[in-house]
Amino acid sequence: MKMRQINVAIASLTHAHVRKYYQTLHDNAKLNWVAVSCSDRKIADHFMTLGFDVPVYESTEEMLEKHPEIEGVVIASENSRHFGDMELCCRYHKNMLSMKIPTFDLEEYDRMIQMVKDADVICQVELEMHYNPTTRRALELVQSGTIGDVISFNATNITLSPVWAFPWQGVPEISYGRRVPLREGDHRFRGGALSDHPHIFDTLRWVTGSDYEYVFADVADNIRDIPEEDVLYVTGRMKNGCKFLLDPSWCRHEEHIERPGPGWEVFPKRMEVNYSIVGTKGVIQADCFGPNVYFNGGPNNRYTIQYTYFDEWIGMMDEFHDCIVNHKQPKINLEWHRGTVEAMVKCYESIASGSPVFI
């Protein structure tokens, strides 16, 4: 049977991950890249120099009006704009792939869930680590019973900070959705490293087949001058008894450059996602970005890195295509992901109170 191609567009070009989609949408025969919307003239002008023969519209609504053939929209806007973009897509009955944090406002999140149900559309949430081969293999080993019952889970999701290339991530009202002090007497606000790293919080739920019982989180002093947290730890217990320790920090220093690329990093590895999963019959230790090539790169001839791992966005967009063609919700859907976002919000509450927070 002949494969059905779907028509896909990107709404906004402001999220740090949006660049990852360009080549996938251009190369994947299952996808017909129809259009892009971008209200920022500077970003739009740069996009048009990249050689993709795709029209750029100033607003998402104009794009949807001009291209009724669009079936799926990648929502790549700032966190605080996701609700409005989803509302627009639901009004036009377009399927969606949302960036990794739909919203931190749980009441708003519930309205998103209801909108998607009422419009009868697909809404996939971007958690690309599920399509990383190392993560997939670790999940397979756990779910097959190879290491027995999981009793502890230790994971890092550490990176450099994107705030210099994507300034909105350093604005609490845009990143977190509103200006909330981390805790009494602290000059920083919610919306930093924790808000950028849902992947290990989500993976823990898949590995254990359980949900969070309680979390305890604390922040360190910042290593860079930004108004949000950049280094923190989270510990706690799942409802099935599994104990965990998570590090979702921006603890890799970076050059303050406008466009990410080779030489952006100061420390050679710009990001590390590692798992140590202890079971009753064995242990899994995994480095999700282990395969790589080191080289000297600009702008400062630093010893840096070229990752050679499988492009997770290929598998993610393949699933998005399959869900649209067969009209089924993906495994990382809004309802599933709410449990991950709620745990992250509770981490902020734990930082504020200085105590564990039960969920």
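Strand 11 (residues 271-279) and strand 12 (residues 283-287) run antiparallel and are joined by five bridges; two strands pair if DSSP finds at least two bridges between them. The model is predicted: local features need pLDDT of at least 70 and side-chain atom pairs pLDDT 80 or more, while totals for chains, interfaces and linings use all residues. Residues are numbered from 1 along each chain as its sequence is written, and side-chain values use heavy atoms, without hydrogens and water.

A hairpin of three residues connects strand 11 to strand 12, and S276 stands opposite Q285. Buried means under 20% relative accessible area with a 1.4 Å probe, protein chains only. Strands are DSSP runs of E with at least two residues, helices runs of H or I with at least four, both numbered from the N terminus.

Helix 4 (residues 82-91) is mostly covered, with seven of its ten residues buried: H82, F83, D85, M86, L88, C89 and C90. The elements that cover these buried residues, by contact (heavy atoms within 4.5 Å), include helix 3 (60-66), strand 5 (95-98) and helix 11 (334-353). Just after helix 4, H93 has a positive phi of about 55°.

Key:
Buried < 20%, exposed > 50% of the residue type's maximum accessible area, 1.4 Å probe, protein only.
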